[in-house]
Amino acid sequence: PPSGGSGDPESHVTEALASFLSHCARSSCRSLDLGANNGWMTGYMLSAGSHVLAVEPSKDFARAITETGRLNCGWTDRLTVRNVRACTPGMGPACSAPSACGKCSCGGWRWGNRHGAPQIDVAHGTGCAERFGLPANVSGLAFEDLVWEAAAGTGEIDLIKMDADGPEGLWLKALRKMLHDDRPLRVRTIIAGLGGGLEQQ
């Protein structure tokens, strides 16, 4: 929710992002935004100069992030958007399987929609996805593969933000295993949403 009356969502998170990514303007850095929503935090990461892999299963949000990258011309070469779920073995096979939804929004927290249906569903109904050319299905990819994609062959990620209201514990468990595997991986900062709030780890 907004704090300080500014209307900005989770300003404490954007302050943390600005702090931990302050070096990105001087040297190349990489970020992974798990549960990117409509791209608020992805945008902050990009504006700091980071390369960002944004992972968001809601197809209208994923489209919005992609379009934001296009509107900010300098961002397109540093932004990759994956419209998928980030799956770990603990989530079971259903996480990776395609799930169909004819609506534009198929879940995800939405600003201003605390009560009732998402505004986009009210405006455009159940055929929304087809009308706007959004994918008919959303599948999952392995969490580990997404982490390595974010590292882009460097073995290093400057920041991982996790905020999807549920799977953060499983993601942290999988990441801990990756950090202890033989394949070298270094993650400088993790910001994880736990119990409805975001905490620096």
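**Terms and their grounds**

Guide: In this predicted model, helices α6 and α7 pack with their axes 10 Å apart, at an angle of about 65°.

Visitor: Which residues make the contact between α6 and α7?
Guide: From α6 come Phe143, Glu144, Val147 and Trp148, and they meet Trp171, Ala174, Leu175 and Met178 of α7. These residues divide into 7 nonpolar, no polar and 1 charged. Glu counts as charged, and Glu144 is one of the α6 residues in the contact.

Visitor: What is the handedness of the crossing of α6 and α7?
Guide: The crossing in which α6 passes α7 is right-handed.

Visitor: Why are α1 and α2 called roughly parallel?
Guide: Helix α1 (residues 11-20) packs against helix α2 (residues 40-47) at an angle of about 25°. Angles under 35 degrees count as roughly parallel, and α1 and α2 are therefore described in that way. Their axes are 9 Å apart.

Visitor: Which residues of α1 and α2 meet?
Guide: Val13, Thr14 and Leu17 of α1 meet Met41, Tyr44 and Met45 of α2. The residues of this contact comprise 5 nonpolar, 1 polar and no charged.

Visitor: How do you know that residues of α6 are buried, and which are they?
Guide: A residue is buried when its relative accessible area is under 20%. In α6 the buried residues are Phe143, Leu146, Val147, Trp148, Ala150 and Ala151. Over the protein chain of 201 residues, buried ones make up 42%.

Visitor: What makes a set of residues a nonpolar core?
Guide: The members must be buried residues of the listed nonpolar kinds, joined through side-chain atoms within 4.5 Å. The largest such core has 23 residues, and Leu32, Leu34, Val55, Phe143, Ile160, Met162 and Leu175 touch the most other members. Among the elements that give two or more residues to this core are β1 (30-34), β2 (51-55) and α7 (168-180). The most, 6 residues, come from α6.

Visitor: Which residues does Val55 touch, beyond those up to four places away in sequence?
Guide: Val55 touches Leu32, Asp33, Leu34, Gly35, Ala36, Arg82, Val84, Ala86 and Leu146. Contact here means heavy atoms within 4.5 Å.

Visitor: How much of the contact in the chain joins residues 24 or more positions apart?
Guide: Among contacts in the protein chain with a separation of 6 or more, such residues account for 68%.

Notes:
Residues numbered from 1 in each chain as written. Predicted model: local features only at pLDDT ≥ 70, side-chain atom pairs only at ≥ 80, totals over all residues. Heavy atoms only, no water. Axes fitted to C-alpha atoms, helices over the stretch in contact; angles between N-to-C directions. Helix = DSSP H or I, 4+ residues; strand = E, 2+ residues; numbered from the N terminus. Parallel < 35°, antiparallel > 145°, perpendicular 65-115°, else oblique. Buried < 20%, exposed > 50% of the residue type's maximum accessible area, 1.4 Å probe, protein only. Left-handed = near helix turned anticlockwise from the far one by under 90°.
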